[in-house]
Amino acid sequence: MHFKTMIVGAIFLGKMIFAESPVDDFGFQKFYTTRTGSLSWTSAHWNNGNDRTFSDWSTDPDDPTGWTSDQSGSAQGFHVDGSGVMQMLGNAPRFHINSNNDEDPTPTSQFFLNVEYTAYFMRNALGGENWGGMIVGLRSGSHHHGSSGRDNCLANTYYARFRNDGTWDFEKEWKHPGSYYRSTSGIGKQDPLWGGGVLPVKKWIGMKFIVYNQNASTVRLELYIDSTSNATAPGNWELVGIAEDAGLDWSGASYGASTIEGCAYSDALAPILQGGGTALMRSDNDNPYYKYVSIREIDPTGSFDDTGIRPRAKPLLKSVPVRHFDLLGRSQVLEKF
């Protein structure tokens, strides 16, 4: 479901001031303000009482935007229970939210570039691939991740991953299927998220993944977790990590290669400043659940703190520690880089 920016009234110094609500449509805290005039996507239509499954390249018939599509190409697809929860099925689920569908003769004018993604995830059971788990990609091409007859040069995606093996990272992909990753501790490294344990089972875990152009040559990525509220609004958000991609050291090709062959571009280190406007959720050989998903085009210059009144201070790269998170509200600072 898409919505225009929510407006609420507030009194400041005796005057009525109208400002955006500091929480999303499910009541969870926003970090950045929504870009004026943009359209947002939420999973509110999963809670319409209609139990359904869609699969094999089809769309969710109940999505009022028409932006949802199954890009896993399997017979299993995605099950929506009608009460707000979606389960990924099959061995390689690929759930796309594509407002810029190049197959739609009348596509919307919405393009997701600077985005704040918020969602809650539950791992169904132990198993699945180590690289599976809560995997979200932004700035992706609409149908360019190995789909038949497509151009893999147009994958161009930044991912955030809470992986099944208990680590987290940011992953950068220019040409499918090549990619490379980084975390707080450096390029080609994945930091522990659960103190050496694996991604927990049967627990609702929140992710907030924010990607925006910091300036004309640098992309900033911010990643937050809510491991303690059990998906209770407004959430209990803690910083996991941040990265800035200025085209200097982070490759988007396999094994960190600096060049890419067979595409109109060749520089694998270049930041993905534009991308394809699609968000995607995926996993491999497991069947996790999602709820309370929202995707908003943001104004990176406008933000909320936890009171919803003052601008939020952006964390600095040099001050981000590696943390272990648990399900009891504690985080242990391990080391600063």
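This tour visits salt bridges in a predicted model.

Before selecting anything, note that residues are numbered from 1 along each chain as its sequence is written, and that side-chain values use heavy atoms, with hydrogens and water left out. Local features need pLDDT of at least 70 and side-chain atom pairs count only at pLDDT 80 or more, while totals for chains, interfaces and linings use all residues.

A search of the whole structure finds 15 salt bridges (a side-chain nitrogen of Lys or Arg within 4 Å of a carboxyl oxygen of Asp or Glu).

**Stop one.** Select lysine 208 and glutamate 116. Their closest N and O atoms are 2.8 Å apart. Strands here are DSSP runs (E, at least two residues), numbered from the N terminus. Lysine 208 is buried, at 0% relative accessibility. Glutamate 116 is buried too, at 1%. Buried means under 20% relative accessible area, exposed over 50%, partly exposed in between (1.4 Å probe, protein chains only).

**Stop two.** Select glutamate 244 and arginine 220. Here the closest N and O atoms are 2.7 Å apart. The pair links strand 19 (residues 238-245), which holds glutamate 244, to strand 18 (residues 218-226), which holds arginine 220; they are 24 residues apart. Glutamate 244 is partly exposed at 25%. Arginine 220 is buried at 3%.

**Stop three.** Select arginine 163 and aspartate 165. Their salt bridge has its closest N and O atoms 2.6 Å apart. Arginine 163 is buried at 9%, whereas aspartate 165 is partly exposed at 24%.

How values were computed:
Helices (H or I, at least four residues) and strands (E, at least two) are DSSP runs, numbered from the N terminus.
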